[in-house]
Protein chains: 2
Amino acid sequence: MMKRHALFQEAGFKDEAPNNYLVHDSPYFKVINFNFKAGQKLPVHSHDIEGQLTIAVLEGQGKFLGKDEAEMPAETGDVLVSDIAEPHGIQAETDMRVLVTIAPPI
Amino acid sequence: MMKRHALFQEAGFKDEAPNNYLVHDSPYFKVINFNFKAGQKLPVHSHDIEGQLTIAVLEGQGKFLGKDEAEMPAETGDVLVSDIAEPHGIQAETDMRVLVTIAPPI
């Protein structure tokens, strides 16, 4: 089942909201590519379930968001690891592409 | 447990072999950053166990390797999805940083 996804070609940006592109969904994990135009955000949220997620920045920069208005830099090559149950979000400062991996899949 | 890993600062390259940097290991997944100097490779291999992995190219370019000497381009922003049991590998053409996510963890 080996499959290559060329995300910089396959997924673009939207003016009205972050572009959400499902890369892979299986019993093992769900993989989603979010593309943000500068200024777009994924507001802080959480789900009260078991599991963890990573957010890897493929291009651009912004901030990782956490609980109590916490902010951390999010630069290309950064990876955030979080429990799914922990509040998390993203704020884009430039156009920004990130890869989110959720295990087990929601 | 939210944690940010700034891979471009935290992990470098080695002359003698790919640099292998453990980002995260939990019951849900294992996340490893491999950095290849141009010409280095992770030879094709597989493990006869359940599960899947992704290889996301954070920087640089090369080839994804598969069974029977299969090759696919591996450019920045590309993501390869594979069963753990399926032969897979990487050949770097430039200096190259990739993020490997394995679920469940090996």
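Start with both chains on screen: chain A and chain B bury about 3400 Å² between them, 66% of it on carbon and sulfur atoms. Buried area is the accessible area (1.4 Å probe) that two parts lose on being put together, summed over both. Select A:Met2, A:Arg4 and A:Tyr28 next. In chain A these three lose the most area to chain B, together 22% of what that side buries.

Before going on, note that this is a predicted model: local features need pLDDT of at least 70, side-chain atom pairs count only at pLDDT 80 or more, and totals for chains, interfaces and linings use all residues. Residues are numbered from 1 along each chain as its sequence is written, chains are lettered from A and ligands numbered from 1 in the order in which they are written, and side-chain values use heavy atoms, with hydrogens and water left out.

The term means a side-chain nitrogen of Lys or Arg within 4 Å of a carboxyl oxygen of Asp or Glu. Across this interface the rule finds 2 salt bridges.

Last stop: show β8(A) and β1 (residues 3–6) of chain B. The strands run antiparallel, joined by 4 bridges. Strands are DSSP runs (E, at least two residues), numbered from the N terminus, and two of them pair if DSSP finds at least two bridges between them. Pick A:Val81: opposite stands B:Lys3 in β1(B).
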